[in-house]
Each structure stands twice: as C-alpha cells, then as structure tokens.
Amino acid sequence: MAIRFPRILNAKHILRRSNLLGNQLSSVIPDVPKGCFAVYVGENQKKRFVVPISFLNQPSFQELLRRAEEEFGFDHPMGGLTLPCREDIFVSIISGSSST
C-alpha cells in the first residue's frame with residue numbers, strides 16, 4: 001500500500017515543468033550537486049542558492065513554489081527557479097523558521 005503526498009507531487013511537477021529535474025539541468029548549471037537544485041531569490045538583485053530536493057517537503061517552500069508559478073509561470077531564464085521572496089525571508093525558511 002503506497003502513501004501519496006499530493007503537495008510533494010505537485011512541487012515535483014512544477015520543477016519538471018521548469019526543466020529543473022530534466023537532463024538539461026546538467027548542461028545549464030553544472031555545479032549543482034545531485035539531489036539539489038538552484039533557486040534565485042531577491043527583490044532587486046537576485047542571489048543564487050543551491051538547495052536540497054528535500055526542501056520540497058516543507059509547506060513554506062511549497063508555498064513559494066506556488067507563488068513562483070503564479071508570478072513567473074514556467075519560464076525561468078536565469079537557469080534556476082526564480083522565487084518571489086526577499087532574501088532574508090528565504091534564508092529564514094530554509095533555516096527552519098516559517099515566516100512568509
């Protein structure tokens with residue numbers, strides 16, 4: 001009997017649609033380790049973060065993915081997922097705080 005996680009599946013679907021889990025990733029961003037993906041965060045100047053795929057389990061990160069889909073669609077020309085979030089808020093999310 002399998003346990004289904006609809007939010008995780010939706011997050012993986014978003015990443016696949018933006019080509020982050022496809023084979024093109026290795027040719028676009030060669031310095032992203034296996035099991036991770038690149039995101040760009042910030043208001044004016046975008047800062048690049050490499051985060052583990054395990055972050056897809058966090059509800060606050062899933063909310064950022066939903067917002068990114070609404071704001072940018074699936075077109076992310078920087079070579080990584082662009083998240084509509086201030087850098088300080090993103091750092092608090094990935095460090096375990098959940099202030100969005």
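Ala38 of strand 1 (residues 36-41) stands opposite Val50 in strand 2, where strands are DSSP runs of E with at least two residues, helices are runs of H or I with at least four, and both are numbered from the N terminus. The model is predicted: local features need pLDDT of at least 70, side-chain atom pairs count only at pLDDT 80 or more, and totals for chains, interfaces and linings use all residues. Residues are numbered from 1 along each chain as its sequence is written, and side-chain values use heavy atoms, with hydrogens and water left out.

Strand 1 pairs with strand 2 (residues 47-52) in the antiparallel sense over six bridges; pairing requires that DSSP finds at least two bridges between two strands. These strands form a hairpin with five residues between them, and Gly42 in the turn has a positive phi of about 140°. Strand 1 also runs parallel to strand 3 (residues 81-83), joined by three bridges, with Val41 opposite Leu83.

Six of the six residues of strand 1 are buried (under 20% relative accessible area; exposed is over 50%, partly exposed in between; 1.4 Å probe, protein chains only). Cys36, Ala38 and Tyr40 point one way, and Phe37, Val39 and Val41 the other.

Four aromatic pairs were found in the whole structure (ring centres of Phe, Tyr or Trp, its six-membered ring, within 6.5 Å; planes under 30 degrees apart are stacked, over 60 edge-to-face, the rest tilted). The Phe37 and Phe61 rings are edge-to-face, because their centres are 6.0 Å apart and their planes at 65°. Phe61 lies in helix 3 (residues 59-72), so this pair ties together parts 24 residues apart in sequence.
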